[in-house]
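Colleague: I'd like to learn how to read salt bridges in a protein model. Could you walk me through some?

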Amino acid sequence: MFLFIGLGTSIYLYLNQRIVPIEQVFPGKIWAKPIENLPNLKGVGAPTAKNCGGCHTEIYEEWKRSTHANALSDIQFQSELAKPSSPKWICLNCHIPVQNQRETIITGLQNGDYLSPVEIPNPNFNIEMQAEGVTCATCHVRVDSNSKESFVIGGTGGTTPPHPVKIDRKQLLNRCYDCHNETYTLNESLICSFQTGTELIATKSNESCSSCHQPEVRRSFVKPSLNKPIRTSHKHGFIGGGVPKTFDLYQDQIRLGYKPGIVLSDLKVENNRIEVLLRNSNASHHVTTGDPERFYRLILVGIDPLGKIIYKEETTIGQEWVWSPAAKKVSDNRIPYGKSFVWKIELPNLPIETFQFQAVHVRLKNNTSDFMIQSSGYVPSKYKANVDKIKDLYPHSSLVIETKYQLKTKSRKDTPLEELFKRNVNRKGE
């Protein structure tokens, strides 16, 4: 009898499982679904970055060394993705955004539960394209609703490429917001909080994300052998906060356009007080922005005539969150565009000859990476070894500003950014 009751209950539960469309659970959310499977592109083949690079060689080389190209292999992301509580399919919609990059297709959610996706095999899965992370097609390739053929979205016209092109600069510029401008609560302890687009729009400037993250450059869009004209192009290194995904990518940060969002406007000592004035002059959004766990660590040390550090003060610029039992932002002293941050410190009664100020952009705290190492058993074998060695492989922070102030002469000497980034190559931890 108990067997029949148990069997009846199982059948009842099975029949009453409701498959809810993703659009119903996340209405209007572009990030809730990947870009549909893309057919081969005329004159190109599969819409992989490698195939695009066959002609767009210089752009391809820039992209290969970008944060976007490392979006899937990113060690921190793989550790976060492997958590048992992670809604993996949602996270992957921004880190590998094209359906061709996914082994399965999510057809719906059991009873509307985002942790219970219904999956079927993807016949168009491309393993090479999967490894490309945020690949060219993320922004530039779509399917024509009438012909059902792939076409390229361009920002300028004037040439005759082998593939079909639709010029839509506005669509390209707005594409960034789909992943970089979203705050959404999945549950009380799982929140995505990325408001970079809103911060930019609030400035009411004419700047776009591309203005800074894809600086203009005069060149041919394609390799020289194709003899195409020199035009205004954009770099595709997508330089962000100056903390690359691997140490060997530091050498490209400045070449591809990086400069700190904040500048040290002034450092002065008077009336027994030190004042450090930082201004957000270069970022048309808050600094820091994006990942709420990013922050600036500000360090001021006093050095005696013998070169010994005899005094030290620290503070931070960023957000403070608590994540358990419920996610909540408890403070936020970030600097909006055009605004300043003043750090005031009482002058210590010590034989200080020189003050040294440093600003460090921190992406990952040491205690967080310690926890990632301890829980690396959840990480797939393909990435586990890298998580175990995250301290040696993954830049946690970058020193982006350094200056020395001589008390006697009241003179200031700034360390060139190029020198700082040479030193960052050997920087371990935060």
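Modeller: Happy to! Start with Glu275: its relative accessible area is 19%, so Glu275 is buried, where buried means under 20% relative accessible area, exposed over 50%, and partly exposed in between (1.4 Å probe, protein chains only). This is a predicted model, in which local features need pLDDT of at least 70 and side-chain atom pairs count only at pLDDT 80 or more, while totals for chains, interfaces and linings use all residues. Residues are numbered from 1 along each chain as its sequence is written, and side-chain values use heavy atoms, with hydrogens and water left out.

Colleague: Which residue forms a salt bridge with Glu275?

Modeller: First, the general idea: side chains of opposite charge can pair when their charged atoms come close. A salt bridge here is a side-chain nitrogen of Lys or Arg within 4 Å of a carboxyl oxygen of Asp or Glu. For Glu275 the partner is Arg273, with the closest N and O atoms 2.9 Å apart. Arg273 is partly exposed, at 30% relative accessibility.

Colleague: How many salt bridges are there by this rule?

Modeller: The count is 23. Some form a network, which links Glu199, Lys329, Asp332 and Arg334.

Colleague: And Glu62 and Arg219: are they buried or exposed?

Modeller: Both Glu62 and Arg219 are buried. Their side chains meet in a salt bridge of 2.6 Å, N to O.

Colleague: What about Asp252: which residue is its salt-bridge partner?

Modeller: Asp252 pairs with Arg65, the closest N and O atoms being 2.1 Å apart. Asp252 is buried at 6% relative accessibility, whereas Arg65 is partly exposed at 26%.
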